[in-house]
Amino acid sequence: GRGQPSTPYGLVPEGAFAIGLQIDRHITRALAVDLMGNILTRAEANLPPDGPLSGVKVILDLVETVRRDLAKRASQSERRLVGLGAAMPGPFGVEGSADDPWMMAAWQTFALLEMLAAGTGLEVGLQNDAAACATAERMVGAAHGLDHAVCLYLGYGIGAGLILGGELYSGANGNAGEIGMALLSPGGRAAPLEHRASLASLYQHLGINPADPDLYSVIDDLAASSDARVSSWIEEAAMDLRWSVHLIETIFDPQTVILCCGAPEALARRLVAAMDPLLPSISNRPDRVIPRFQLGMTDPWAVALGAAAEPISRA
């Protein structure tokens, strides 16, 4: 139209920085991002088996390594570092036995946020790993641009990240989407879902140590070679995960359900292929333009990336 030409505006990537941290049962990952979500540096370390008392030092050292590397790459990073976002498996605030391999009970009762804040001098936020992975999917993955999507996160356990009405929904206690705790039998006699359909259940099925530093490549090789043990696990897990997708669709009516995980892509694709023919037809709408169920990110760094978005959003 008439008048002076418009002046376009854009975000300056160096306008802000944040650190994202993933804490899992055997490994911790940290990365630094700019305002646009570009990963500038990252590092990982194995966590000691004796829990948070020695593990928190490993985490603080890892964060400091990432922070120093970031300062070398961006001179303004310390002044514009808005916080630290942490993500770990839930559920939060639930009593569990220290001997239960499915619960990070010692970490759940540890004063983690206080220790991280004191050790880094940063404002720290915490969310579950499925929610963080859903954030990553919304930033750069299959959920980008969607207002209603559920990310079924397959990790050591299993959870669901809920994007509802354009916002990440975490629930009253940060435990929304803890679908791995759901029992597969109405009578409650069967094992929870994550005991049968999670990476931990796969490791048990294969007799693999989940603390093996080469775990990712081992699973990748077995999945790519059509190992019979992997095939039998996929067949069983697909039945249980089909039930999960059906339940998610019935309750939340999302535009799509996205399977995202820290597992190799070869395994994830085989799992999606096994699940597709089994899905009931409740959501087969004639006007559907987005796949009702699809594969998302299979990047083990996705949780840390989603965690890094939290302090930027909060700031």
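Predicted model: local features only at pLDDT ≥ 70, side-chain atom pairs only at ≥ 80, totals over all residues.

Residues are numbered from 1 along each chain as its sequence is written, and side-chain values use heavy atoms, with hydrogens and water left out.

**Helix α1**

Select residues 52-73, which form helix α1. Helices (H or I, at least four residues) and strands (E, at least two) are DSSP runs, numbered from the N terminus. The 22 residues of α1 should span 32 Å at 1.5 Å a residue, and the end C-alpha atoms are 31 Å apart, which agrees. The expected span is 1.5 Å times one less than the number of residues.

Now colour the buried residues of α1, among them Val56, Ile59, Leu60, Val63 and Leu70. Buried means under 20% relative accessible area, exposed over 50%, and partly exposed in between (1.4 Å probe, protein chains only). Turn to the face away from the buried side to find the exposed residues Lys57 and Lys72. What do the buried residues of α1 pack against? Their partners include β2 (27-34), β3 (39-46) and α3 (112-120); contact means heavy atoms within 4.5 Å.

**Helices α6 and α8**

Select 215-224 (α6) and 265-275 (α8): their axes come within 7 Å and cross at roughly 45°. The two helices are therefore oblique to each other, a word for angles that are not under 35 degrees (roughly parallel), over 145 (roughly antiparallel) or 65 to 115 (roughly perpendicular). Axes are lines fitted to C-alpha atoms, for helices over the stretch in contact, and angles run from 0 to 180 degrees between N-to-C directions. Residues making the contact include Tyr216 and Ile219 of α6 and Leu267 and Arg270 of α8.

**Single residues**

Most residues other than glycine have a negative phi, and most peptide bonds are trans. Select Gly90 and Pro91, which are joined by a cis peptide bond with omega about 0°. Pro91 is in the loop between β4 and α2.

Next, select Ser226, where phi is near 55°, a positive value. Ser226 is partly exposed, with a relative accessible area of 49%.

Finish at Asp253, with phi near 50°. Asp253 is exposed, at 59% relative accessible area.
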